[in-house]
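Here is a short briefing to read alongside the model. Have the viewer open and follow the topics in turn.

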Amino acid sequence: MTVTPDIEVRRPRPDDLPAVVRIEVACFSDPWDAASLSAELREDRMRRPLCALRDGKVVGYLMAWKVTDEWHVINVAVSTGERRSGVGTILLDASLDAAISEGCVTATLEVRVSNAPALAFYEHHGFAAFDRRRRYYRDTGEDALVMIRVLRSGETGTVVDSDSTCP
Ligand SMILES: CC(C)(COP(=O)(O)OP(=O)(O)OC[C@H]1O[C@@H](n2cnc3c(N)ncnc32)[C@H](O)[C@@H]1OP(=O)(O)O)[C@@H](O)C(=O)NCCC(=O)NCCS
């Protein structure tokens, strides 16, 4: 799909699962299990997953749901050694390009209030916090900030009320 000089972005394949599980476990205190990740890696009527590869090796992934005219980013992660080199940006740009081409009006996501790197990343990409879900995360009881980015000016979408979010 998308190819930059170093990074290829494409739909995940079943054999990407072990690498995705490794990145997930390294990134999150309450990682999704392999079965949940496997389900999210399969594109279907709603799911729009992507993975990023450097030299053929998976270095990041992004999972999103298309819910009517809203694009809900449910998980994004980049291997520790690959951070701050633009991989997350390549994934998010590719995902939001797909959202726009599929007619979505807004993109939304939930993020832990303590996840400063992710907050900075999303703010860098034009997301703004508009709501807070109290005690949203089961492992720590932490709140989630709900962030939104308008993809098409002059319109607002229906905000999805989902209990699925990055761990
Ligand atoms: C959030 C995450 C996906 C960002 O991926 P990344 O590839 O490192 O991001 P990029 O290199 O594309 O960063 C783009 C911009 O976002 C901001 N940003 C990203 N990481 C940041 C950090 N740790 N601190 C401050 N700003 C940051 C910066 O503005 C950065 O631009 P710059 O490097 O030119 O200053 C990555 O940190 C990650 O995998 N974190 C662990 C998993 C996670 O928490 N995911 C989010 C779940 S909601």
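Arg135 sits in the loop that links β7 (128–133) to β8 (144–150). Its phi is near 50°, a positive value in a residue that is not glycine. Please keep in mind that this is a predicted model.

**Loop residues with positive phi**

**Overall layout**

- The chain holds four helices and eight strands.
- Of the 167 residues in the chain, 34% are buried.
- Among contacts with a separation of 6 or more, 58% are between residues 24 or more positions apart.

- β3 runs antiparallel to β4, and five bridges join the two.
- Within this pairing, Ala52 faces Gly60 of β4.
- Two residues separate β3 from β4 in a hairpin, and Asp55 in that turn has a positive phi of about 50°.
- β4 also pairs with β5 in the antiparallel sense, here over eight bridges.
- Ala64 has Val73 of β5 as its bridge partner.
- The β4–β5 hairpin again has two residues between its strands, with Thr68 in the turn showing a positive phi of about 50°.
- How enclosed is strand β4 (residues 57–67)? Eight of its eleven residues are buried, so β4 is largely enclosed by the rest of the structure.

**A buried arginine**

- Arg48 belongs to the loop between α2 (34–40) and β3 (50–54).
- Is Arg48 buried or exposed? Arg48 counts as buried because it has 22 C-beta neighbours inside 10 Å, where 20 or more are needed.
- Leaving aside residues up to four places away in sequence, Arg48 touches Glu43, Ala64, Lys66, Ser95 and Ala98.
- Val73 is 25 residues from Arg48 along the chain, and their C-alpha atoms are separated by 9.2 Å.

**Helix α3**

- The 15 residues of α3 should span 21 Å at 1.5 Å a residue, and the end C-alpha atoms are 21 Å apart, so the two values agree.
- Buried residues of α3 are Val87, Gly88, Ile90, Leu91, Leu92, Ser95, Leu96 and Ala99.
- In an α-helix there are 3.6 residues a turn, so residues three or four places apart point the same way.
- Gly103, which follows α3, has a positive phi near 90°.

**The ligand shell**

- There are 19 residues around the ligand, and Arg83, Gly88, Thr89, Pro117 and Ala120 come nearest.
- Two or more residues of this shell come from each of β5 (70–78), α3 (87–101) and α4 (116–124).
- α4 gives the most, with five residues.
- By type, the shell divides into eleven nonpolar, six polar and two charged residues.

Note on methods:
Residues are numbered from 1 along each chain as its sequence is written. This is a predicted model: local features need pLDDT of at least 70, side-chain atom pairs count only at pLDDT 80 or more; totals for chains, interfaces and linings use all residues. A residue is buried if 20 or more other C-beta atoms lie within 10 Å of its own, exposed if 12 or fewer, and partly exposed in between; C-beta atoms are placed from the backbone. Two residues are in contact if their C-beta atoms, placed from the backbone, lie within 7 Å. A residue is near a molecule or strand if its C-beta atom, placed from the backbone, lies within 6 Å of it. Ala, Val, Leu, Ile, Met, Phe, Trp, Tyr, Cys and Pro count as nonpolar, Asp, Glu, Lys and Arg as charged, and the others, Gly among them, as polar. Two strands pair if DSSP finds at least two bridges between them. The expected span of a helix is 1.5 Å times one less than its number of residues.
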